[in-house]
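Hi,

Here is the structure I promised to pass on. Have a look at it first, and then read on for what turned up.

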Amino acid sequence: MNLIEQLQQDYIKKQSEKGVKIKVGLIGQPGAGKSSLINRLVGEEVFEVGVHTDTTVDMQMRELEQMIIVDLPGYGTKQFPVDEWVNEFRPEELDLYLFVFSGKLRDADGALFEYLKRWQTERNHPHFIVRNKADEIWDDDRSDEELRADIIYDVNSKMKSRGSRTYFTSCRTGEGLVELQEAILSSDLDGVKKSKLVYEFKARSIADLDRKRELCRGDLNYYGITAAANALNPIPGVDVSVDIGVMLKMFADIRAAFQLGDNVEDQMKKYKIITPLANRVFSYATRAGVTKLVESLGSKYAGKEAAKYLPLVGQAAAAAAGYLMVTTLGRAYINDCHELASALLNQFAAQQ
Ligand SMILES: Nc1nc2c(ncn2[C@@H]2O[C@H](COP(=O)(O)OP(=O)(O)O)[C@@H](O)[C@H]2O)c(=O)[nH]1
Ligand SMILES: [Mg+2]
(Lines give C-alpha, C1' and ligand atoms only; values in the text may rest on other atoms or scores of the structure.)
(Ligands and ions follow the chains in the order given, each with its own letter.)
Protein backbone atom coordinates (compact mmCIF):
# COMPACT_ATOMS: atom_id res chain seq x y z
CA MET A 1 0.00 0.00 0.00
CA ASN A 2 1.38 3.39 -0.86
CA LEU A 3 1.05 6.52 1.24
CA ILE A 4 -2.02 7.80 -0.59
CA GLU A 5 -3.89 4.48 -0.29
CA GLN A 6 -3.02 4.34 3.37
CA LEU A 7 -4.30 7.85 4.00
CA GLN A 8 -7.47 7.09 2.06
CA GLN A 9 -8.16 3.97 4.08
CA ASP A 10 -7.44 5.81 7.27
CA TYR A 11 -9.90 8.50 6.23
CA ILE A 12 -12.70 6.03 5.55
CA LYS A 13 -12.09 4.29 8.85
CA LYS A 14 -12.06 7.60 10.74
CA GLN A 15 -15.23 8.72 9.05
CA SER A 16 -17.14 5.74 10.38
CA GLU A 17 -15.55 6.05 13.82
CA LYS A 18 -16.39 9.73 14.11
CA GLY A 19 -20.07 8.95 14.48
CA VAL A 20 -19.53 6.59 17.41
CA LYS A 21 -20.08 7.81 20.96
CA ILE A 22 -19.39 5.92 24.13
CA LYS A 23 -22.45 5.39 26.32
CA VAL A 24 -21.81 5.57 30.03
CA GLY A 25 -24.47 4.52 32.54
CA LEU A 26 -24.71 5.97 36.05
CA ILE A 27 -26.36 3.62 38.49
CA GLY A 28 -26.99 4.05 42.19
CA GLN A 29 -29.11 5.54 44.91
CA PRO A 30 -30.08 9.21 44.84
CA GLY A 31 -27.53 11.27 46.70
CA ALA A 32 -24.68 8.77 46.28
CA GLY A 33 -22.75 11.31 44.23
CA LYS A 34 -23.30 10.08 40.67
CA SER A 35 -23.64 13.56 39.25
CA SER A 36 -20.66 14.85 41.24
CA LEU A 37 -18.52 11.95 40.10
CA ILE A 38 -19.18 12.24 36.39
CA ASN A 39 -18.71 16.01 36.61
CA ARG A 40 -15.30 15.40 38.17
CA LEU A 41 -14.32 12.81 35.59
CA VAL A 42 -15.12 14.98 32.59
CA GLY A 43 -14.11 18.21 34.29
CA GLU A 44 -17.28 20.17 33.69
CA GLU A 45 -20.78 20.40 35.07
CA VAL A 46 -22.65 17.82 33.05
CA PHE A 47 -25.31 17.20 35.69
CA GLU A 48 -26.53 19.46 38.41
CA VAL A 49 -25.41 18.33 41.85
CA GLY A 50 -27.67 17.94 44.82
CA VAL A 51 -30.95 17.86 42.98
CA HIS A 52 -33.31 15.50 44.68
CA THR A 53 -33.98 12.66 42.38
CA ASP A 54 -35.86 10.49 44.86
CA THR A 55 -38.99 11.03 42.89
CA THR A 56 -37.30 10.71 39.52
CA VAL A 57 -38.62 7.80 37.54
CA ASP A 58 -37.09 8.72 34.21
CA MET A 59 -33.59 8.43 32.99
CA GLN A 60 -31.72 11.57 32.14
CA MET A 61 -29.34 11.86 29.25
CA ARG A 62 -26.55 14.25 28.40
CA GLU A 63 -24.78 14.18 25.08
CA LEU A 64 -21.21 15.42 24.89
CA GLU A 65 -19.06 15.57 21.77
CA GLN A 66 -17.99 11.94 22.04
CA MET A 67 -19.87 10.57 25.02
CA ILE A 68 -23.45 9.97 26.04
CA ILE A 69 -24.12 9.83 29.76
CA VAL A 70 -27.25 8.16 30.99
CA ASP A 71 -28.29 8.82 34.58
CA LEU A 72 -30.58 5.94 35.44
CA PRO A 73 -33.30 6.34 38.06
CA GLY A 74 -33.42 4.39 41.30
CA TYR A 75 -34.39 0.72 41.27
CA GLY A 76 -35.59 -1.73 43.84
CA THR A 77 -38.58 0.45 44.57
CA LYS A 78 -42.23 -0.60 44.49
CA GLN A 79 -42.56 0.90 41.09
CA PHE A 80 -39.32 -0.56 39.76
CA PRO A 81 -38.23 -3.92 41.08
CA VAL A 82 -34.84 -4.62 39.48
CA ASP A 83 -36.14 -6.87 36.68
CA GLU A 84 -38.75 -4.35 35.62
CA TRP A 85 -36.26 -1.54 35.83
CA VAL A 86 -33.98 -3.44 33.43
CA ASN A 87 -36.85 -4.09 31.05
CA GLU A 88 -37.88 -0.48 31.14
CA PHE A 89 -34.51 1.25 30.70
CA ARG A 90 -32.49 -1.35 28.75
CA PRO A 91 -29.18 -0.51 30.41
CA GLU A 92 -27.59 -3.53 28.71
CA GLU A 93 -27.25 -1.35 25.63
CA LEU A 94 -24.84 1.01 27.32
CA ASP A 95 -21.08 0.48 27.00
CA LEU A 96 -19.99 0.76 30.62
CA TYR A 97 -21.47 1.37 34.04
CA LEU A 98 -20.46 3.31 37.09
CA PHE A 99 -22.24 1.86 40.07
CA VAL A 100 -21.96 4.54 42.74
CA PHE A 101 -22.92 4.12 46.40
CA SER A 102 -22.17 5.87 49.63
CA GLY A 103 -24.43 4.17 52.14
CA LYS A 104 -25.38 0.61 52.94
CA LEU A 105 -25.92 -1.77 50.07
CA ARG A 106 -29.38 -3.28 49.80
CA ASP A 107 -30.67 -6.61 48.51
CA ALA A 108 -31.77 -4.86 45.33
CA ASP A 109 -28.12 -3.96 44.72
CA GLY A 110 -27.30 -7.66 44.87
CA ALA A 111 -29.96 -8.33 42.23
CA LEU A 112 -28.57 -5.55 40.08
CA PHE A 113 -25.03 -6.94 40.38
CA GLU A 114 -26.24 -10.15 38.72
CA TYR A 115 -27.10 -8.09 35.66
CA LEU A 116 -23.82 -6.19 35.73
CA LYS A 117 -21.88 -9.47 35.82
CA ARG A 118 -23.94 -10.85 32.97
CA TRP A 119 -23.39 -7.81 30.76
CA GLN A 120 -19.70 -8.01 31.49
CA THR A 121 -19.39 -11.60 30.29
CA GLU A 122 -22.00 -11.63 27.55
CA ARG A 123 -21.46 -8.20 26.09
CA ASN A 124 -18.02 -7.20 27.29
CA HIS A 125 -19.47 -4.10 28.96
CA PRO A 126 -17.37 -3.39 32.05
CA HIS A 127 -18.71 -1.99 35.31
CA PHE A 128 -16.95 -0.15 38.09
CA ILE A 129 -18.13 -0.29 41.67
CA VAL A 130 -17.46 3.04 43.30
CA ARG A 131 -17.75 3.81 46.99
CA ASN A 132 -17.99 7.58 46.86
CA LYS A 133 -17.77 10.04 49.78
CA ALA A 134 -14.66 8.26 51.02
CA ASP A 135 -13.90 11.49 52.91
CA GLU A 136 -16.83 10.67 55.18
CA ILE A 137 -15.71 7.18 56.11
CA TRP A 138 -15.02 7.76 59.75
CA ASP A 139 -15.64 6.18 63.13
CA ASP A 140 -14.26 7.09 66.54
CA ASP A 141 -13.56 3.50 67.49
CA ARG A 142 -12.45 1.89 64.28
CA SER A 143 -9.61 2.50 61.87
CA ASP A 144 -10.02 3.62 58.32
CA GLU A 145 -8.63 0.28 57.12
CA GLU A 146 -11.16 -1.69 59.12
CA LEU A 147 -14.05 0.39 57.89
CA ARG A 148 -12.96 0.06 54.28
CA ALA A 149 -12.39 -3.67 54.66
CA ASP A 150 -15.99 -3.98 55.87
CA ILE A 151 -17.27 -2.11 52.87
CA ILE A 152 -15.28 -4.33 50.50
CA TYR A 153 -16.56 -7.41 52.31
CA ASP A 154 -20.12 -6.16 51.93
CA VAL A 155 -19.65 -5.56 48.19
CA ASN A 156 -18.11 -8.98 47.64
CA SER A 157 -20.89 -10.76 49.45
CA LYS A 158 -23.64 -8.84 47.64
CA MET A 159 -21.76 -9.35 44.41
CA LYS A 160 -21.27 -13.04 45.24
CA SER A 161 -17.72 -12.75 44.02
CA ARG A 162 -14.36 -11.94 45.54
CA GLY A 163 -12.83 -10.50 42.43
CA SER A 164 -14.80 -7.31 42.02
CA ARG A 165 -12.76 -4.33 43.03
CA THR A 166 -14.28 -1.43 44.95
CA TYR A 167 -12.95 2.01 44.04
CA PHE A 168 -12.99 4.52 46.87
CA THR A 169 -13.46 8.06 45.65
CA SER A 170 -14.14 11.47 47.05
CA CYS A 171 -15.45 14.22 44.87
CA ARG A 172 -14.58 16.58 47.68
CA THR A 173 -10.86 15.77 48.05
CA GLY A 174 -10.26 14.18 44.67
CA GLU A 175 -9.16 10.91 46.26
CA GLY A 176 -9.31 7.89 43.98
CA LEU A 177 -10.25 9.70 40.79
CA VAL A 178 -6.92 8.96 39.10
CA GLU A 179 -7.18 5.26 39.98
CA LEU A 180 -10.76 5.03 38.77
CA GLN A 181 -9.95 6.78 35.53
CA GLU A 182 -6.93 4.54 34.95
CA ALA A 183 -9.00 1.44 35.62
CA ILE A 184 -11.68 2.52 33.17
CA LEU A 185 -9.07 3.26 30.51
CA SER A 186 -7.34 -0.06 30.99
CA SER A 187 -10.53 -2.15 30.92
CA ASP A 188 -11.08 -4.24 27.83
CA LEU A 189 -13.48 -1.93 26.13
CA ASP A 190 -13.07 -1.77 22.38
CA GLY A 191 -10.36 0.61 21.22
CA VAL A 192 -12.55 3.14 19.43
CA LYS A 193 -14.83 3.47 22.45
CA LYS A 194 -11.84 3.84 24.70
CA SER A 195 -10.48 6.67 22.60
CA LYS A 196 -13.74 8.54 23.22
CA LEU A 197 -13.04 8.33 26.93
CA VAL A 198 -9.51 9.61 26.47
CA TYR A 199 -11.03 12.56 24.64
CA GLU A 200 -13.72 13.36 27.21
CA PHE A 201 -11.99 12.59 30.50
CA LYS A 202 -10.23 15.44 32.20
CA ALA A 203 -6.45 15.09 32.12
CA ARG A 204 -4.94 14.64 35.57
CA SER A 205 -1.33 14.20 34.54
CA ILE A 206 1.06 14.94 31.70
CA ALA A 207 0.68 11.30 30.66
CA ASP A 208 -3.07 11.96 30.19
CA LEU A 209 -2.26 14.99 28.05
CA ASP A 210 0.14 12.87 25.98
CA ARG A 211 -2.66 10.40 25.31
CA LYS A 212 -4.88 13.24 24.16
CA ARG A 213 -2.14 14.47 21.86
CA GLU A 214 -1.84 11.04 20.24
CA LEU A 215 -5.57 10.93 19.75
CA CYS A 216 -5.71 14.36 18.12
CA ARG A 217 -2.79 13.56 15.85
CA GLY A 218 -4.64 10.51 14.64
CA ASP A 219 -7.48 12.75 13.41
CA LEU A 220 -5.38 15.16 11.37
CA ASN A 221 -5.54 13.25 8.13
CA TYR A 222 -9.31 13.08 8.42
CA TYR A 223 -9.62 16.85 8.88
CA GLY A 224 -7.09 17.54 6.15
CA ILE A 225 -9.01 15.56 3.57
CA THR A 226 -12.39 16.87 4.67
CA ALA A 227 -11.26 20.49 4.67
CA ALA A 228 -9.60 20.21 1.28
CA ALA A 229 -12.34 18.19 -0.39
CA ASN A 230 -15.13 20.40 0.94
CA ALA A 231 -13.66 23.57 -0.42
CA LEU A 232 -14.94 24.22 -3.89
CA ASN A 233 -13.03 27.35 -4.66
CA PRO A 234 -9.60 28.46 -3.66
CA ILE A 235 -9.49 31.52 -1.48
CA PRO A 236 -8.81 34.38 -3.89
CA GLY A 237 -5.17 35.22 -4.16
CA VAL A 238 -4.03 32.47 -1.81
CA ASP A 239 -3.74 29.32 -3.94
CA VAL A 240 -5.06 27.01 -1.30
CA SER A 241 -8.53 25.67 -0.96
CA VAL A 242 -9.73 24.85 2.50
CA ASP A 243 -13.09 24.87 4.13
CA ILE A 244 -12.69 27.34 6.98
CA GLY A 245 -15.65 25.75 8.78
CA VAL A 246 -13.88 22.39 8.88
CA MET A 247 -10.71 24.03 10.16
CA LEU A 248 -12.66 25.78 12.90
CA LYS A 249 -14.19 22.46 13.88
CA MET A 250 -10.78 20.81 13.96
CA PHE A 251 -9.35 23.52 16.20
CA ALA A 252 -12.44 23.39 18.42
CA ASP A 253 -12.19 19.60 18.77
CA ILE A 254 -8.53 19.86 19.68
CA ARG A 255 -9.22 22.56 22.27
CA ALA A 256 -12.07 20.48 23.68
CA ALA A 257 -9.84 17.40 23.98
CA PHE A 258 -7.45 19.48 26.08
CA GLN A 259 -10.31 21.10 28.01
CA LEU A 260 -9.40 24.57 26.84
CA GLY A 261 -12.90 25.94 26.62
CA ASP A 262 -14.26 29.47 26.80
CA ASN A 263 -14.36 29.20 30.57
CA VAL A 264 -10.59 28.68 30.65
CA GLU A 265 -10.06 31.67 28.38
CA ASP A 266 -12.32 33.82 30.59
CA GLN A 267 -10.47 32.76 33.70
CA MET A 268 -7.08 33.46 32.17
CA LYS A 269 -8.26 36.89 31.09
CA LYS A 270 -9.69 37.59 34.50
CA TYR A 271 -6.40 36.80 36.17
CA LYS A 272 -4.47 38.51 33.39
CA ILE A 273 -2.38 35.47 32.60
CA ILE A 274 -2.90 35.58 28.86
CA THR A 275 0.46 34.64 27.35
CA PRO A 276 1.37 34.68 23.65
CA LEU A 277 0.80 30.92 23.66
CA ALA A 278 -2.69 31.29 25.13
CA ASN A 279 -3.41 34.07 22.69
CA ARG A 280 -2.52 31.82 19.79
CA VAL A 281 -4.67 28.99 21.09
CA PHE A 282 -7.75 31.13 21.62
CA SER A 283 -7.40 33.22 18.48
CA TYR A 284 -8.14 30.12 16.39
CA ALA A 285 -11.54 29.89 17.99
CA THR A 286 -13.07 32.47 15.69
CA ARG A 287 -13.76 32.43 11.99
CA ALA A 288 -12.00 35.77 11.63
CA GLY A 289 -8.90 34.41 13.35
CA VAL A 290 -8.72 31.32 11.17
CA THR A 291 -9.40 33.26 7.98
CA LYS A 292 -6.57 35.61 8.84
CA LEU A 293 -4.32 32.65 9.43
CA VAL A 294 -5.17 31.07 6.08
CA GLU A 295 -4.62 34.33 4.27
CA SER A 296 -1.30 35.01 5.88
CA LEU A 297 0.13 31.51 5.54
CA GLY A 298 -1.76 30.07 2.61
CA SER A 299 0.75 30.63 -0.15
CA LYS A 300 3.43 28.94 1.89
CA TYR A 301 1.67 25.61 1.39
CA ALA A 302 1.08 25.85 -2.32
CA GLY A 303 3.74 24.18 -4.39
CA LYS A 304 5.90 21.14 -4.78
CA GLU A 305 5.48 19.64 -1.33
CA ALA A 306 1.69 19.75 -1.62
CA ALA A 307 1.70 18.11 -5.04
CA LYS A 308 2.29 14.66 -3.57
CA TYR A 309 -1.18 14.74 -2.00
CA LEU A 310 -2.93 15.44 -5.29
CA PRO A 311 -4.55 12.00 -5.78
CA LEU A 312 -5.93 12.26 -2.27
CA VAL A 313 -8.04 15.31 -2.76
CA GLY A 314 -8.60 15.30 -6.48
CA GLN A 315 -6.66 16.83 -9.30
CA ALA A 316 -6.40 20.25 -7.83
CA ALA A 317 -3.18 21.77 -6.68
CA ALA A 318 -5.07 24.17 -4.45
CA ALA A 319 -6.79 21.31 -2.65
CA ALA A 320 -3.50 19.48 -2.11
CA ALA A 321 -2.12 22.69 -0.67
CA GLY A 322 -5.19 22.87 1.55
CA TYR A 323 -4.61 19.35 2.85
CA LEU A 324 -1.02 20.11 3.63
CA MET A 325 -1.90 23.35 5.31
CA VAL A 326 -4.62 21.90 7.53
CA THR A 327 -2.57 18.92 8.69
CA THR A 328 0.51 21.05 9.34
CA LEU A 329 -1.36 23.77 11.23
CA GLY A 330 -3.34 21.12 13.08
CA ARG A 331 -0.16 19.45 14.26
CA ALA A 332 1.27 22.75 15.49
CA TYR A 333 -2.02 23.58 17.19
CA ILE A 334 -2.06 20.24 19.02
CA ASN A 335 1.42 21.02 20.36
CA ASP A 336 0.30 24.48 21.46
CA CYS A 337 -2.76 23.11 23.24
CA HIS A 338 -0.67 20.40 24.88
CA GLU A 339 1.79 23.01 26.11
CA LEU A 340 -0.89 25.34 27.42
CA ALA A 341 -2.78 22.53 29.13
CA SER A 342 0.48 21.29 30.71
CA ALA A 343 1.23 24.77 32.04
CA LEU A 344 -2.26 24.99 33.53
CA LEU A 345 -1.98 21.52 35.01
CA ASN A 346 1.36 22.36 36.65
CA GLN A 347 0.04 25.64 37.95
CA PHE A 348 -2.99 23.87 39.37
CA ALA A 349 -0.78 21.19 40.96
CA ALA A 350 1.37 23.91 42.52
CA GLN A 351 -1.70 25.47 44.10
CA GLN A 352 -2.92 22.22 45.65
N1 LIG B 1 -18.59 14.68 51.47
C2 LIG B 1 -18.86 14.39 50.20
N3 LIG B 1 -20.00 14.82 49.63
C4 LIG B 1 -20.24 14.50 48.34
C5 LIG B 1 -19.33 13.74 47.58
N6 LIG B 1 -19.84 13.59 46.35
C7 LIG B 1 -21.01 14.23 46.33
N8 LIG B 1 -21.28 14.79 47.53
C9 LIG B 1 -22.48 15.54 47.92
O10 LIG B 1 -23.58 14.65 47.97
C11 LIG B 1 -24.76 15.28 47.51
C12 LIG B 1 -25.40 14.48 46.37
O13 LIG B 1 -24.52 14.50 45.26
P14 LIG B 1 -25.03 14.23 43.76
O15 LIG B 1 -23.83 14.22 42.92
O16 LIG B 1 -26.11 15.17 43.39
O17 LIG B 1 -25.63 12.76 43.93
P18 LIG B 1 -26.56 11.93 42.91
O19 LIG B 1 -27.96 12.13 43.39
O20 LIG B 1 -26.13 10.52 43.05
O21 LIG B 1 -26.35 12.46 41.55
C22 LIG B 1 -24.37 16.70 47.12
O23 LIG B 1 -24.66 17.55 48.20
C24 LIG B 1 -22.88 16.59 46.90
O25 LIG B 1 -22.21 17.80 47.15
C26 LIG B 1 -18.11 13.32 48.21
O27 LIG B 1 -17.26 12.64 47.64
N28 LIG B 1 -17.94 13.66 49.53
MG1 LIG C 1 -27.73 13.26 40.18
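One cut-off before the rest: a residue counts as buried if 20 or more other C-beta atoms lie within 10 Å of its own, with C-beta atoms placed from the backbone. Also keep in mind that this is a predicted model.

With that cut-off, take Leu312. It has 20 other C-beta atoms within 10 Å, so it is buried. You'll find Leu312 in helix H14, which covers residues 310-313. Which residues does Leu312 touch, leaving aside those up to four places away in sequence? They are Ile4, Leu7, Gln8, Ile225 and Tyr323. Leu7 is 305 residues away from Leu312 along the chain, yet their C-alpha atoms are separated by 7.8 Å.

Helix H10 (residues 262-270) is another story. None of its nine residues is buried, so H10 lies largely in the open.

Now the strands. S3 (residues 67-71) is mostly covered, with four of its five residues buried.

- Strand S1 (residues 22-27) runs parallel to S3, and five bridges link the two. Val24 sits opposite Ile69 of S3.
- Strand S2 (residues 60-63) runs antiparallel to S3, with four bridges joining them. Here Gln60 faces Asp71 of S3. S2 and S3 make a hairpin, with three residues between them.

If you plan to look at side chains there, remember that in a regular strand they alternate between the two faces of the sheet.

Finally, the overall layout. The contact between them involves six residues of domain 1 and four residues of domain 2. On the domain 1 side, helix H6 (residues 177-185) gives the largest share, three residues. By class, that side of domain 1 has three polar, two nonpolar and one charged residues.

Cheers

Technical notes:
Residues numbered from 1 in each chain as written. Chains lettered and ligands numbered in written order. Predicted model: local features only at pLDDT ≥ 70, side-chain atom pairs only at ≥ 80, totals over all residues. Buried ≥ 20, exposed ≤ 12 C-beta atoms within 10 Å, placed from the backbone. Contact = placed C-beta atoms within 7 Å. Nonpolar A, V, L, I, M, F, W, Y, C, P; charged D, E, K, R; others polar. Pairing = 2+ DSSP bridges.
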